[in-house]
Amino acid sequence: MLPNIAIVGNAPKDKCELLNNMLAEEELAELCNIILYGADGQPEKEALVDALQDWRSGRVQGIVCLPFTGGLLNVLKECLGEEATPALPMYVNVNMKMASVMGDVEAAEAMTNVTKEAIVTRIEQVTDAMKRDFFILNPRIAVAAINVEKANDVEGEGKDVVTEAVEELSQKDISILGPVDTAKFFDLENRGIYDALVEIYDAQCMENHVKTTDEDTLTIISGLHIPIVTGQYEATLRAIFMALDIVRNRNNYETPFANPLQKLYKERKEDGEKARFTVKKKGFNPAEHRRENVNYTTSATPKSSEQA
């Protein structure tokens, strides 16, 4: 049975022919079924609500959103409320995956207000997203420096929150590099050895994206139970393929943990012993044969008449 992918949003007239040609691809018809929401002029928010309801009912497995006039993340927050709190936008191209710690804020605010706790939380989210959405089980992540001049200063007052966060994350067995000077990072020929880059704020992601590829950016909303991908109209076909990959990757990652095998032994905390495959013998109750339950008292042997 082919998965159903929702296409949500309204396209301007000059983009309709482009989208129709993409959706008519024979290869696409062999991989999934497309369900359109909002193509009849329905408001974006209402169309997204309908698609989310169909996802909850199991009718839709993934959602691809066309560009939203009010910003997709803002509309998601209106539709989902607190459920949208862990939403993590990740910017993806063929060469690099990027995310930011502070989101879409001004550079001065991001640099001033960023904390070690915020960096740690974001990188843990990125690590989880790399595992679930991209099936990269041991992702290697680089994090940008706040102050490039102090990026390598790990002693004294020059030690910044990025360095502290990297030290804490390293103790959690997360493969992390940082703080890095992204200007030099993108010039390195071996930057491909890292799976993701975490910047401090969104504008850095957009600025550095052009250094890695000429293709349009896809944005994946990770951190939610719902697989959601968005991009420009020209990238809609790639967004559909990406949504299909995420649906498949999440299934491959989560299925083995749904019904884990039982342990072969259990620990007995009271005496520290381990009992393997304890089997009770039929008709035998150990509790009845404990030493303290055995009655050793015997009655006197009656004398025979001859002894009497």
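This is a predicted model: local features need pLDDT of at least 70, side-chain atom pairs count only at pLDDT 80 or more; totals for chains, interfaces and linings use all residues.
Trainee: What is the mean pLDDT of the chain?
Mentor: The mean is 81. Of the residues, 79% reach 70 or more. Over residues 153-158 the value is below 50. That stretch has 6 contacts beyond near neighbours in sequence. Residues 289-301 are also below 50, with 5 such contacts.

Trainee: How many helices and strands does the chain have?
Mentor: It has 10 helices and 12 strands. Of its 308 residues, 39% are buried.

Trainee: Why is glutamine 204 called buried?
Mentor: Its relative accessibility is 11%. The cut-off for buried is under 20%. So glutamine 204 counts as buried. This residue is in helix α9, residues 202-209.

Trainee: What does glutamine 204 touch, leaving out residues up to four places away in sequence?
Mentor: Met111 and Glu199.

Trainee: What does the side chain of glutamine 204 reach at 2.9 Å?
Mentor: The backbone nitrogen of isoleucine 200. A polar contact needs N or O atoms within 3.5 Å. The 2.9 Å value lies within that limit.

Trainee: Why is aspartate 173 called exposed?
Mentor: Its relative accessibility is 69%. Aspartate 173 lies in the loop between α7 (161-170) and β7. Its phi is near 65°, a positive value in a residue other than glycine.

Trainee: And why is phenylalanine 135 called partly exposed?
Mentor: Its relative accessible area is 35%. Buried is under 20% and exposed is over 50%; partly exposed is in between. Phenylalanine 135 sits in the loop between α6 (116-134) and β6 (140-144). Its phi is positive too, about 55°, although the residue is not a glycine.

Trainee: Which residues of helix α4 are buried?
Mentor: In α4, residues 72-80, they are Leu72, Val75, Leu76 and Leu80.

Trainee: How do you know that they are on the same side of α4?
Mentor: Look at the arc around the axis. They cover only 115°, which puts them on the same side.

Trainee: What do the buried residues of α4 pack against?
Mentor: Against α3 (44-57), β3 (62-65), β9 (218-222) and β10 (228-231). After α4 comes glycine 81, with a positive phi near 65°.

Trainee: What makes β9 largely enclosed by the rest of the structure?
Mentor: Count its buried residues. They are 5 of the 5, so β9 is largely enclosed. Leu218, Ile220 and Ser222 point one way, and Thr219 and Ile221 the other way.

Trainee: How do you know that β4 and β9 pair?
Mentor: Pairing takes at least two bridges. Strand β4, residues 88-92, is joined to β9 by 5, and the two run antiparallel. Leucine 88 stands opposite serine 222.

Trainee: How many bridges pair β9 with β10?
Mentor: There are 3, in the antiparallel sense. Again, at least two are needed. Leucine 218 has glycine 231 in β10 as its bridge partner. β9 and β10 form a hairpin with 5 residues between them. In the turn, glycine 223 has a positive phi of about 90°.

Trainee: Where is the cis peptide bond, and what is its omega?
Mentor: The cis bond runs from glycine 178 to proline 179, with omega near -5°. Proline 179 is in strand β7, residues 175-180.

Terms used
Residues are numbered from 1 along each chain as its sequence is written. Side-chain values use heavy atoms; hydrogens and water are left out. pLDDT is the predictor's confidence in each residue, from 0 to 100. Contact means heavy atoms within 4.5 Å. Helices (H or I, at least four residues) and strands (E, at least two) are DSSP runs, numbered from the N terminus. Buried means under 20% relative accessible area, exposed over 50%, partly exposed in between (1.4 Å probe, protein chains only). The arc is that of the directions from the helix axis to the C-beta atoms. A polar contact is a pair of N or O atoms within 3.5 Å; within protein, one must be able to donate a hydrogen and the other to accept it, and residues adjacent in sequence count only if both atoms are side-chain atoms.
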